Amino acid sequence: IDVDLALGEHTTGMSVHRQIEVPASMELFDLHFRVLLPCIGWSMLDRSAYVFEDHTDGTAFGPPPEHYDRYGVSMKDVAASHLYVMSAKGVPLGGVLTTVGAYLAYIY
């Protein structure tokens, strides 16, 4: 699966693009920590909240609940915009992006 990242446009008026290829079997959890954070240059030690949002139905995937207390992940900003966030662990990218042109919003 090709991943095209457009970063910062909504806050800075400029965008940074990265195109990467990852297996469809990669879990959203691993996509965040093992691919997106390093690709963008952010630290894996940063435990900020993140959400992948399916634009077709609004389903939100984010850190598993055990990370909230264990790693100090704050979901307060996410909770303001999403009533329920499913764990990104165990959810393969190809299970969410099932058609050509499908996309997820990545909110960090």
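Two strands are taken to pair if DSSP finds at least two bridges between them, and the legends below use the word in that sense.

**View 1. Strands β3 and β6 pair in the predicted model.** In this predicted model, strand β3 (residues 51-54) and strand β6 (residues 104-107) run in the antiparallel sense and are joined over four bridges. Within this pair, valine 51 stands opposite isoleucine 107 of β6. In a regular strand the side chains alternate between the two faces of the sheet.

**View 2. Strands β3 and β4 form a hairpin.** Strand β3 is also joined by two bridges to strand β4 (residues 60-62), and these two strands run antiparallel. Glutamate 53 stands opposite alanine 60 in β4. Five residues lie between the two strands of the hairpin, and in the turn glycine 58 has a positive phi of about 80°.

**View 3. Helix α2 and the largest nonpolar core.** The largest nonpolar core holds 20 residues, of which Val22, Leu28, Leu31, Phe52, Phe61, Leu93 and Leu104 touch the most other members. At least two residues of this core come from each of α2 (28-40) and α5 (93-96), and α2 gives the most, with eight residues. Glycine 41, which follows α2, has a positive phi, near 95°.

View 4. Aspartate 30 counts as partly exposed because its relative accessibility is 22%, whereas arginine 34, at 62% relative accessibility, counts as exposed.

**View 5. The whole protein, as context for the close-ups.** The secondary structure comprises five helices and six strands, and from the N terminus on the elements run β-α-β-α-β-β-α-α-β-α-β. Of the 108 residues in the protein, 33% are buried, and the accessible surface comes to about 6700 Å², with 53% of that surface belonging to carbon and sulfur atoms. Among contacts between residues at least 6 apart in sequence, 58% join residues at least 24 apart.

Notes. Residues numbered from 1 in each chain as written. Predicted model: local features only at pLDDT ≥ 70, side-chain atom pairs only at ≥ 80, totals over all residues. Heavy atoms only, no water. Core = buried A, V, L, I, M, F, W, Y, C linked by side-chain atoms within 4.5 Å. Buried < 20%, exposed > 50% of the residue type's maximum accessible area, 1.4 Å probe, protein only. Contact = heavy atoms within 4.5 Å. Areas by Shrake-Rupley, 256 points an atom, 1.4 Å probe, with all protein chains shown as cover.
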